[in-house]
Amino acid sequence: MTLTGRNIIGGRPEGEGTAFRAVAAATGREIEPTFHAATADDVDRACALADQAFDAYRETDPERRAAFLEAIAQAILDIGDSLIVRCMEESGLPRARLEGERGRTVGQLRMFAGVLREGSFLGVRIDPALPDRQPLPRPDLRLRNVAVGPVAVFGASNFPLAFSVAGGDTASALAAGCPVVAKAHPAHPGTSELVGAAVAKAAAQCGMPEGVFSLLFDDGIVVGQRLVSDSRIAAVGFTGSRTGGTALMKLAAERPVPIPVYAEMSSINPVVLLPDALASRGGAIGKAFVGALTLGSGQFCTNPGLVLAVEGAGLDAFLSGAAAALEGVAAQTMLTPGIHRTYCAGVAALEANEAVTLLARGRGGGETQGQAALFATSAAAFLADHRLEAEVFGAASLVVRCRDIGEIRAVLARLEGQLTAALHMEPGDHEAARALLPMLERRVGRILVNGFGTGVEVGHAMVHGGPYPATSDGRTTSVGSLAIQHFLRPVCYQDLPDTLLPRELQQANPLGIPRRIDGRHEA
Ligand SMILES: NC(=O)C1=CN([C@@H]2O[C@H](COP(=O)(O)OP(=O)(O)OC[C@H]3O[C@@H](n4cnc5c(N)ncnc54)[C@H](O)[C@@H]3O)[C@@H](O)[C@H]2O)C=CC1
Ligand SMILES: O=C(O)CCC(=O)C(=O)O
């Protein structure tokens, strides 16, 4: 497919707004074609079409929406290798990673098709009428989840497929019955157009209303702001910086009708190395840690940015293993020159901090490549300096040397909300781990053992979320089937005649979906 450089509004290429070009991540040079940022009229039209599509789309049969999601997955695969080639050029990410990410994207769309067919996302609850109840009769109450309305989705720079135009937010919003207006990330407009055209093609094939999906371009923030401010947008999905996410939260809260923003933002993902684990395999954990730290040049929100351990021979073994591994790691192209600059500034700030020691660096590289770095400090210094808690987006991590488990506890107690926490342990560490779990539950969305948080599994029990600032709302997840809850809200129908009820609530259960009757799951 030849790129047009135009927004996709209601299935058609449109727009003559300000021109910009994509930049090759490896060289910093502009690449063809010219893209056109959406104008105020383009945003208005995309939102109007989404609004017009909403009532018809939200009541499409779940089976039809499932087929639509599967058609999107197939259309993405049908783009073929040109998607991977364009994406490699724009993001600097290697082929194997992007092929894997395409598989994850397609798998995610198909998982939501399964969620639609299974039906429990509708959350149906029925409390049948009790006309003879004393002292008062009970009315007939029936609850189902309905779609919230058109959703604005912001593509993430670091997952140009799985968290972008047809990524998790779009898949879960479309599954819920919400039209999507996607705002392409300026770092990969060509990839975004290819995927956006695949979504539009699938929508046409499946006979979906034309406003079910639109894609808008911009190389700045104006289009995103207009979109979030538009009265027809009912919710926002975002993955990116804390600055961007909190700006959108503020904008959404200040609207005449505030709307929820589901933003996944910054996280440093503490890794706790417990004493027996360190004593028995400190060096091996150090080597595995470097693998997780430097994967994708560290450009994961799940990247292990903070390591906590009690000082001693085990920690020394970890540090030697990590330093030896890190020194052999080649510098890798980062996603954008801006992200590279921000990474270098974060590393420089750690280097300049008198309480921080540089332990090891990866190999140096070219102008757009990130050089990995490992630093250390004491628990006392960490506790005294809030700046040490800031996310450095890239392959940099800070080891906090603690005098005892009490200091590990004190550092964890100080941390902001996180996506993940990892505990490395042996059976002899179980008591210490048990004591830390309640505190970790308060601070993180996922607690894992003897591993690292990168490479999130897409499934039904996954939580990719966590308290602020990991996300704007820690009650759900942005990965996995539970993400559909972002875009649903419950409606109760009291004493409606059966013929007026939506099919999922009708007495005969014509859709055959799981329901709770009087608080118990229907047999
Ligand atoms: N923790 C994480 O998962 C990630 C963190 N980052 C951090 O963010 C920095 C910048 O990277 P980006 O990916 O460009 O993230 P970003 O947050 O700057 O941009 C993400 C998207 O939001 C839009 N946007 C940003 N600020 C906005 C505002 N005030 N109003 C309306 N729209 C706005 C942008 O146009 C873009 O489409 C990185 O250097 C890194 O520090 C980036 C990606 C993921
Ligand atoms: O580690 C992963 O698979 C997902 C990471 C993520 O959500 C992110 O970096 O934004």
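Trainee: Which side chain has an N or O atom 3.4 Å from an oxygen atom of ligand 2?

Mentor: That side chain belongs to glutamate 264. This is a predicted model, in which local features need pLDDT of at least 70, side-chain atom pairs count only at pLDDT 80 or more, and totals for chains, interfaces and linings use all residues. Residues are numbered from 1 along each chain as its sequence is written, chains are lettered from A and ligands numbered from 1 in the order in which they are written, and side-chain values use heavy atoms, with hydrogens and water left out.

Trainee: What lies 2.8 Å from an oxygen atom of ligand 2?

Mentor: A polar side-chain atom of threonine 302 does. For histidine 464, a side-chain N or O atom is 2.7 Å from an oxygen atom of ligand 2. The protein buries 99% of the 290 Å² that ligand 2 exposes when taken alone; accessible areas come from the Shrake-Rupley method with a 1.4 Å probe, and for residues only the protein chains shown count as cover.

Trainee: And which residues come nearest to ligand 2?

Mentor: Arg104, Asn158, Cys301, Val456 and His464, out of 13 residues around ligand 2; a residue counts as near if one of its heavy atoms lies within 4 Å. By class, this shell has 5 nonpolar, 6 polar and 2 charged residues. Ala, Val, Leu, Ile, Met, Phe, Trp, Tyr, Cys and Pro count as nonpolar, Asp, Glu, Lys and Arg as charged, and the others, Gly among them, as polar.

Trainee: Why does ligand 2 lie between domain 1 and domain 2?

Mentor: Ligand 2 lies between them because both domains give residues to its shell. Domain 1 is 49-265 + 475-487 and domain 2 is 270-449, with bounds from an automatic or database domain assignment. Their centres, taken over C-alpha atoms, are 33 Å apart.

Trainee: Which side chains meet in a salt bridge?

Mentor: Glutamate 416 and arginine 242 do, at 2.9 Å from N to O. A salt bridge is a side-chain nitrogen of Lys or Arg within 4 Å of a carboxyl oxygen of Asp or Glu. The rule finds 1 salt bridge across the interface of the two domains.

Trainee: Moving to ligand 1, which residues come nearest?

Mentor: Ser157, Lys183, Ser241, Met265 and Cys301 do, of the 23 residues around ligand 1. The side chain of serine 241 has an N or O atom 2.6 Å from an oxygen atom of ligand 1.

Trainee: How much of the accessible area of ligand 1 does the protein cover?

Mentor: The protein covers 86% of the 800 Å² that ligand 1 has on its own.

Methods. A polar contact is a pair of N or O atoms within 3.5 Å; within protein, one must be able to donate a hydrogen and the other to accept it, and residues adjacent in sequence count only if both atoms are side-chain atoms.
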